[in-house]
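Please look at the sequence and the model side by side before reading on.

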Amino acid sequence: MKAVCICASNILHSGEHSTSLRIGVRIAELLKGWDVPCEIIDLRNEMFSPYIGCGKCFDSRRCVNDGAFNRLYDKLTQADALCFVSPHYAPIPAKQAMLLEKMEQITFLHWWKDANYRSQMYGIPVGIVSHGGGGQWALKSYKAMVNDTIANALDTVQCRVVPLDSQWNTGLSFPVHHVAQEESIFPVQQYDWEAIDEKLKEYVRLVWQEACLRKEAAPQP
Ligand SMILES: Cc1cc2nc3c(=O)[nH]c(=O)nc-3n(C[C@H](O)[C@H](O)[C@H](O)COP(=O)(O)O)c2cc1C
């Protein structure tokens, strides 16, 4: 069994300090501690094109114009669990939006013809983790704009978005602890990584439990 974690930052200058990547690395470490391999996909290393509605994916279930998308989509369809770690970019990073819109259309076009259609991603449990440049006060809006937006797309794809609880039913969101003004033109965001790790541990465990239950329920070959 294996997991894939998408880190959705677009920002190049942050390198390995991208908050999305740092959260993704922690998720992969948690999973590794439970003997689960997790591939991190840093979207900064990918380049997609937007969906154009040519309809050719109806037959192939792949995009005839976008090899990078297809390579990633193959990985996603073969994973037992997924995580999307996304910053708030009012509302989400453009490359992640391109990824989600192609995934959506590949499934939607079939489901629209046949309501019993099951996508290649049917039932895969997905965790969603959002964050932004704001503190605790901003988390409700990150949920509405980031988690709920991604969850809506993944519902269409027929994944199962894993809730944290009844309030945080589309995943988690993390605040910035402190924003420092330094020489950089960009704000320097500092985090309470201990608190983040605690919450991640609880949530990633729930996501992985769902993956194990799904595997147990699957018909044996
Ligand atoms: C284009 C863009 C728009 C952003 N819009 C917001 C915003 O509306 N609200 C907010 O709190 N942070 C906003 N941010 C800040 C990022 O969410 C924040 O810096 C985040 O930690 C970046 O994560 P990353 O390092 O993984 O890219 C924006 C950043 C970018 C690049």
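**Notes on the model**

1. What covers the buried residues of helix 5 includes strand 3 (81-87), helix 4 (94-113), strand 4 (125-131), strand 5 (160-161) and strand 6 (172-174). Helices (H or I, at least four residues) and strands (E, at least two) are DSSP runs, numbered from the N terminus. Contact requires C-beta atoms, placed from the backbone, within 7 Å.

2. The model is predicted: local features need pLDDT of at least 70, side-chain atom pairs count only at pLDDT 80 or more, and totals for chains, interfaces and linings use all residues. Residue numbers start from 1 along each chain as its sequence is written.

3. The buried residues of helix 5 include Tyr142, Val146, Ile150 and Leu154. A residue is buried if 20 or more other C-beta atoms, placed from the backbone, lie within 10 Å of its own.

4. After helix 5 comes Gln158, which has a positive phi, near 80°.

5. The largest nonpolar core has 57 residues, and Cys5, Ile6, Leu82, Cys83 and Val126 touch the most other members. Such a core is a set of buried Ala, Val, Leu, Ile, Met, Phe, Trp, Tyr and Cys residues joined through C-beta atoms within 7 Å. Helix 6 (residues 193-217) gives the most to this core, with seven residues.

6. Around the ligand there are 16 residues, the closest being Ser9, Ser20, Pro87, Gly132 and Gly133. A residue counts as near if its C-beta atom, placed from the backbone, lies within 6 Å of the molecule.

Notes. Buried ≥ 20, exposed ≤ 12 C-beta atoms within 10 Å, placed from the backbone. Contact = placed C-beta atoms within 7 Å.
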